[in-house]
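Have the viewer ready and follow along.

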Amino acid sequence: MSITVLGVNHLTAPLDVRERFWHAGHEVPAALERVLAAGAQGGVLLSTCNRTEFYLAEESGVAPEAVWSLLSERLADGRGAAEFGYVRRDRDAVRHLYRVSAGLDSMILGESQIQGQVKQAWELSRVHAGPVLHRLFQSALAVGSRVRTETAVGMGNASAPSAAVELAGKIFGDLAGREALILGAGDMAELAAACLVSEGVRVSLVANRTYERARAIAEQLGAGSRALTLDEAWEHFAAVDIVICSTAAPHAIVTWQRVAAALHARRRRPLCILDLAVPRDVEPAVGQLENVFLYDIDDLQTVAAAAAARRRTEIPRAEHIVDQEVEEFWTWYGGLAVVPVLRDFRGRLEAVRAAELERALKHLPDLTAAEREQVERLTEALLNKFLHQPTVALKTAAQDGRGYALLDALRRLFGLEAPRE
Amino acid sequence: MVLSLHLIALALYGVATALALAPFLGVGAPWRVLMLAVSAAGAALHVVGVSQLPVVGLAPSLSLLALCLVLLQLASEALLRASAVALFTAPLAAGLVGLALLLGLAPGAEVASGRGAWLLLHVALSFFGVAFLALAFIAAALYLVQFRQLKTKRFGQVFQYFPPLERLDRLNQFALVVGFPTLTLGVLLAIGYAVHFAGAVQVDKAQVVWGMFTWVVLGWAVWVRVVRHWAGRRAAFASIAGFAAVLLVYFALKLAVPGAERFL
């Protein structure tokens, strides 16, 4: 049985393709049942916005075709899914999952969200996974944790929206309970708001030129968020802690006068303004005001780039951990495969021995019971002698992680092709 | 024994200084636990060393002040994760212990039991009060540096390893609000001690002047924070100015009456 991963990710497929391959949680069981029906013994489907990957434990070699066929159907435009994808087998497949779980294969190096997604994928696929993939995913989660604990590959915030959280955090410390106002309805502002909300910030106000759009975002952000028009927003500068600006205005709408007017009522409390709009929504002079901290998209990208650079220096250490863990898994996996094959091998030779012994004894009717027993012991001793060296060699190879190739050779040489669990 | 304990504490404070400086020397941030362990080990040995010293004299006073600073550093780290405080306290403690060793440390004779406990409490509370003022100064200095980093958008090592502004502001307020009653109690004990044992103890005017001046400065710093609601940069400048004034007055008085026998 081999372990295979096949799928697409942000490096091999454009967004419109990845979007079509993405499987919602409720679609996972049906997809896996289809792949298992094609001959796989176990399967796990990992589907995120950046990757859709099928992990298979399979013997027949036909399950991958079923996966490509399933994904091609989702494209529904005549293109084949395989042209966007990749296949990794055995040790490379294990390494791939470990790197994914550790965030080494992510668009943002070291991001932690992927580990939760790997865990969720395993939980959704648990009934279809089988023992090998079960163990593989358990170990992948442990590898992800180990890499993040023992290296700094997950340190800092390496994306612009999460850098917004880092900057606000350097001003306010604990962000839980802080209040934020969103001006405008840009995608980046929504992402930054989502990051802040995950840290406990209450996005209580959403202001937009179009009131309906503001209300839609407010509803999306949950209870407690209120929609405003832009004109209503200025008075709230006196109360909130964080302002995220992302309007499509062609010129700065947050002026020095408007912010300065709100400062007296703030009683020297810091105000963090994150201007994510291009062209900028906030006059640069606003940043000169006492206790006002103004950052634009370039600043966020600088923070993110610095974190990414720090993370990149940790790649060799992280890869070293992955290598160690791959070897450990492969040793376990080789050992797992050795036991049933050795049992088959011994059983097959034992059957031959018994048959040949019976045939020989028929030609020797004058032997006493003691002599018959002596002959039987001789054949058993010979069989044990013959089996000893291959058994030791196989177990050693399994411990070294090289057992799989030897087992395959043994199966072919001795015709041990019977399907096993 | 006293010397050995102080020497080991000095070495550990030296290691703590190196660990605190590590991120700025490109070595990478030390484990927080390691930093805490080294400082705590130094403080533990230092406590034993200080307990064998006399309660008066410049060298024992410097040693006690260093110990108070390290204990406050550990408390700041544990309560507010303000690791960067060690950037000031660790070298300061090492310097003070080193100076105390140079001036000469020796086990002291025990003062008569009633007076001894009274004096010990006065000295300990007073030095903790001064150490709290120093901690307020350190938090204020860190605040101003981090404020500048955030305003000028420099996202380097200081930005990375210094605590957030509001946490430093809180540490500054905490140090002042706790430090003032501590010092007040120390001063009250001194007054009570002088009255109770009138004639038996020699009270130096310089000590009285510096003690009262420090108390007034600390009281003013608390007043502007708590009553006038100063916060942020203004409060930081107030703490720095107050601590600088206390140091200046001390050095001025010390220059007027030099000598290593007395703290003042």
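I started with contacts (C-beta atoms, placed from the backbone, within 7 Å). In chain A, residues 24 or more positions apart make up 70% of the contacts with a separation of 6 or more.

A reminder to myself: this is a predicted model, where local features need pLDDT of at least 70, side-chain atom pairs count only at pLDDT 80 or more, and totals for chains, interfaces and linings use all residues. Residues are numbered from 1 along each chain as its sequence is written, while chains are lettered from A and ligands numbered from 1 in the order in which they are written.

Next I looked up burial (20 or more other C-beta atoms within 10 Å of a residue's own, C-beta atoms being placed from the backbone). Of the 421 residues in chain A, 42% are buried.

I then listed the elements, which are DSSP runs numbered from the N terminus: helices (H or I, at least four residues) and strands (E, at least two). Chain A has 14 helices and 10 strands.

Which order do the four strands of the open sheet take? I read 2-3-1-4 in chain A, with antiparallel pairing; a pair needs at least two DSSP bridges. Strand 2 (40-47) and strand 4 (86-89) of chain A each have a single partner strand, so one side of each lacks a neighbour in the sheet.

I also checked one pairing: strand 2 and strand 3 (residues 51-58) of chain A are joined by seven bridges, antiparallel. Here A:Leu45 sits opposite A:Phe54 of strand 3.

Last, I noted that helix 4 (residues 90-101) of chain A packs on the sheet and touches strand 1 (2-9), strand 3 and strand 4.

How values were computed
Two residues are in contact if their C-beta atoms, placed from the backbone, lie within 7 Å. Axes are lines fitted to C-alpha atoms, for helices over the stretch in contact, and angles run from 0 to 180 degrees between N-to-C directions. A residue is buried if 20 or more other C-beta atoms lie within 10 Å of its own, exposed if 12 or fewer, and partly exposed in between; C-beta atoms are placed from the backbone.
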